[in-house]
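Visitor: I am new to this structure. Please pick one part, look at it closely, and then show me what else is worth a visit.

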There are 2 protein chains.
Amino acid sequence: MALHIYNTLTRRKEPFESVHPDRIGVYFCGPTVYGDAHVGHAKAYITADIVNRYLRFRFPDKKVTYVQNITDVGHMTDNDDVSGEDKLEVQSRKERKHPMEVAEYYTRRYFEDMDALNITRPDISPRATGHIIEQIEIIKELLTKGYAYEVNGNVYFDVAQDKDYGKLSGRKAEEQESSGRVEERSDKRSPQDFALWKRAEKGHLLQWPSPWGMGFPGWHIECSAMSMKYLGESFDIHGAGLENSFPHNECEIAQSECATGKKPFVKYWMHNNMVTTGGVKMGKSLGNSAYLRDLYQQYDPLSLRFTILQSHYRSTTEFTEEAIAAADAGYQKLLSSYHRLLQASMGLPVTGLEESNSLVREFIASMDDDFNTAKAIATLYDLSTETNSALTQQDKGRYATLRSTWNVLAGNILGILPRAASTQSDLTEKMDSAMHLLIRQRKAARDRRDFAASDAIRNELDAAGIVLEDTKEGTTWRLK
Amino acid sequence: MALHIYNTLTRRKEPFESVHPDRIGVYFCGPTVYGDAHVGHAKAYITADIVNRYLRFRFPDKKVTYVQNITDVGHMTDNDDVSGEDKLEVQSRKERKHPMEVAEYYTRRYFEDMDALNITRPDISPRATGHIIEQIEIIKELLTKGYAYEVNGNVYFDVAQDKDYGKLSGRKAEEQESSGRVEERSDKRSPQDFALWKRAEKGHLLQWPSPWGMGFPGWHIECSAMSMKYLGESFDIHGAGLENSFPHNECEIAQSECATGKKPFVKYWMHNNMVTTGGVKMGKSLGNSAYLRDLYQQYDPLSLRFTILQSHYRSTTEFTEEAIAAADAGYQKLLSSYHRLLQASMGLPVTGLEESNSLVREFIASMDDDFNTAKAIATLYDLSTETNSALTQQDKGRYATLRSTWNVLAGNILGILPRAASTQSDLTEKMDSAMHLLIRQRKAARDRRDFAASDAIRNELDAAGIVLEDTKEGTTWRLK
């Protein structure tokens, strides 16, 4: 048994073997920080998170380093204009702030939104503006090797010089580019060439000195520069949303491999599919996007995470109220088993994961199959059934092992178990004290046969979003 | 009446007049991110926070931009070696991580620790490694103008060329430097010269190409580069811990003013004093430092903030268990008034601040006097007395105004009112529902003269850290 990953580069599932024996490098394209994160970001970075969590579980002897960039320069607006405008500059004019203030603000909010989804932070979050030198160095190398040319302070990659261009996407043509992110200027030799460095127009706030005059890097070059700086010239996994496979990732391969003398840039390319509603892609540019912050007013972020994990990362996720409600019903069922087990097993020692257990093996087999979280979740329902049955039979000898199984599979790997955030832990503890007092008040009311009083406590708590559950072991509480 | 600031440069209190009519630029030296924040950081950044909060209150028509750097390269260890080592590199060897992973980790924890102290985030948190080009540009300018010289890939500032060197600290001598942060190499023309750029030794991970070969910037140059980039060549306020006035801030002035043709770099220099315990400075290098994270296990972070604000920023803060306990007693007294008022005034409309009120005028006068938070807090005790008396007399016409006074003075300006963090608000609300049920249970027990039951509720809550307070308006609750 081995972990298999669907590699966009080869169009098949391949067994995973790390480039280096002792470490694994993972890079996913990060957000452009000119607005709040939406459900598309949730799907992309939950995918990255699952990859990192599972690699860390599966290869405990290798150091997994996860790098995810912050794009704060060079990403142009999509429009029909031949040049487009830098998204950060546009937003900075709207907000009457320096582009770096805009970047600071949305970067912070981005991480808050991701934290709520229980997404582990990247080991390194490099910023494009913080790596201008590294980008210039690659461009200089490409010019020296004849893969790039300069015209009037702009530097372009010369696609005709790279026979491998197109190997990721199977595309060389520029049909997408006139509506896309690659600047199309009249001074290009060929319309498919793409910008590595752009001359700064008058009034452009984001600009730096370079051998070609004042300017700023193109969007694609940042990912080549930052991934290779921190992970080496050849590394294991590069992920992105499917829409970035061309031209963005294709250009990354061309730049990186031409600069390093055709060393293979990335071994496994992973692309996650989109989030749809009514079959239509959700995304900011289409106007039907749902910002995560708005969704969090209505839904538990972990329930949204669960909804996304119920479809495979390479499938689309249909994100409607009904779909979320259906997923949440299943999620609450799992949580209810887990919480009852937690309370019943309080004080028991921590055991390791029982790797011979058939449920555990089934779960690992699903995850080994290109991170099939949908199938892995199906196994959790079996775990829930087994847990409920152990609790009913008071089979206490099983409690500690079951708890470890939940904690590793649902907690460490899938990241769907609620964990008290450090800022909440104190309040959670006090809340627990208050709730246990209330539970005893209710019991006392029942004992004196004042059922009106005991029912009132239960109903009022329910209305406040707090559920009491009566089990053989006594009454427990949880937030809805 | 005008805001007066003690200016280290002129050694007197001066009326504050902003450099530009419509904006105010503030820069404080940020942390070197190779370890966790300690109480010294708390004092420095609470000082910065008070400055920013008060400027925003006092000058609502001016845009206050607060820039605070992250030092992730160039800050050398203090030791007797002539060159020292980069603190990030040393830590990265210890943790067996890339220096940028170390920086990422401690930057995140730094902001978590500052958030807990209710310190508003900077508008821009630039990283030294993200501004290498900007630092190189200033060094080139200094070389061109004859204020610097290059030897073997190192560039030094030539102190003898700058007649103004020493104007901040009154010091020119290098007595501190051999034990300090400025590299002392044999290739300097004079021992008082300081490094602008250092040649990278073999194996140094943090290095970039420059006109002088591969290397990295000195510590001082980063603050010149990042403050001027985002605030302009002349800006309003630059703050730091007193220990940084020489050589760090002195060198900043020299570099900046020599590069810009002697434009005044900073108008007001502010320096906060240290935190002591038993009269001895607390700090990491002395081994008696208290990490904030450890203190938070024992103390409410806002109570620590209150303790620090009880002494003026230019005085030392004595930080002992007794001092914190004494401060906390006062703090709880203030909070008790405020919380009773909050509950009594629920639903009342928000009024503005009553600027003619003598308490408000007194508070502003204290803050105008070089941010005298110690005196401002004394006024809050009068506000507490006035509030308690209004509540006792049920003088409801005063409630809304009093509430606004608390919210602006203690909340917006001093930042000592607890605010439900967004992640906590949901739990807080549910906790409130549960507590109101419990309060009614207790009342019901009393009504049926079951005082054992009603006392038990109160005592158990007290043991859990939840206080019930019986007032004329009914029973309220708060966390201890």
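**A sheet and its surroundings**

Guide: Start with a pair of residues: Arg23(A) faces Lys63(A), which belongs to E4(A). Helices (H or I, at least four residues) and strands (E, at least two) are DSSP runs, numbered from the N terminus. Strand E3 (residues 23–28) of chain A joins E4(A) by 6 bridges, in the parallel sense.

Before going on, some ground rules. Residues count from 1 along each chain as its sequence is written, while chains are lettered from A and ligands numbered from 1 in the order in which they are written. The model is predicted, with local features needing pLDDT of at least 70 and side-chain atom pairs counting only at pLDDT 80 or more, while totals for chains, interfaces and linings use all residues.

Now widen the view. The open sheet in chain A has 4 strands, in the order E4-E3-E9-E10, with parallel pairing. Strand E4 (63–68) and strand E10 (266–272) of chain A stand at the edges; each has a single partner strand, so one side of each lacks a neighbour in the sheet. From one strand to the next, the twist averages 20°. Helix H1 (residues 39–58) of chain A packs on this sheet. H1(A) touches E3, E4, strand E9 (235–241) and E10 of chain A. Its direction makes about 160° with that of E9(A). Here axes are lines fitted to C-alpha atoms, for helices over the stretch in contact, and angles run from 0 to 180 degrees between N-to-C directions. Two residues are in contact if their C-beta atoms, placed from the backbone, lie within 7 Å.

Thr316(A) leads on from here. Thr316(A) sits in the loop between helix H8 (301–309) and strand E13 (317–318) of chain A. Its C-alpha is 9.6 Å from that of Lys43(A), although the two are 273 residues apart in sequence. Beyond residues up to four places away, Thr316(A) touches Asn273(A), Met274(A) and Thr276(A). Thr316(A) counts as partly exposed because 17 other C-beta atoms lie within 10 Å. The scale is this: buried means 20 or more such atoms within 10 Å, exposed means 12 or fewer, and partly exposed is in between.

Next, go inside. The largest nonpolar core has 228 residues. A nonpolar core is a set of buried Ala, Val, Leu, Ile, Met, Phe, Trp, Tyr and Cys residues joined through C-beta atoms within 7 Å. Phe157(A), Leu196(A), Phe157(B) and Leu196(B) touch the most other members. Another core lies apart from it, with 16 residues, including Met431(B) and Leu461(B). Phe157(A) contacts several residues beyond four places in sequence, among them Leu142(A), Phe194(A), Leu196(A) and Cys251(A).

Some backbone details in chain A deserve a stop. The peptide bond between Phe246(A) and Pro247(A) is cis, with omega about 0°. Pro247(A) is in helix H6 (residues 245–259) of chain A. Phe371(A) is not a glycine, yet its phi is positive, about 55°. Phe371(A) lies in the loop between helix H10 (358–368) and helix H11 (373–392) of chain A. Phe371(A) is buried, because 26 other C-beta atoms lie within 10 Å.

Cross to chain B. In helix H1 (residues 39–58) of chain B, 17 of 20 residues are buried. Strand E1 (residues 4–7) of chain B runs antiparallel to strand E2 (residues 12–15) of chain B, with 4 bridges between them. Ile5(B) has Glu14(B) of E2(B) as its bridge partner. E1(B) and E2(B) make a hairpin with 4 residues between them, and Arg11(B) in the turn has a positive phi of about 60°. Helix H5 (residues 219–231) of chain B is mostly covered, with 12 of its 13 residues buried. Gly232(B) follows H5(B) and has a positive phi near 100°.

Last, where the chains meet. 38 residues of chain B are in contact with 38 residues of chain A. On the side of chain B that touches chain A, helix H3 (99–116), helix H4 (132–144), helix H13 (422–447) and helix H14 (451–463) of chain B each give two or more residues. H13(B) provides the largest share, 12 residues.

Technical notes
Pairing = 2+ DSSP bridges.
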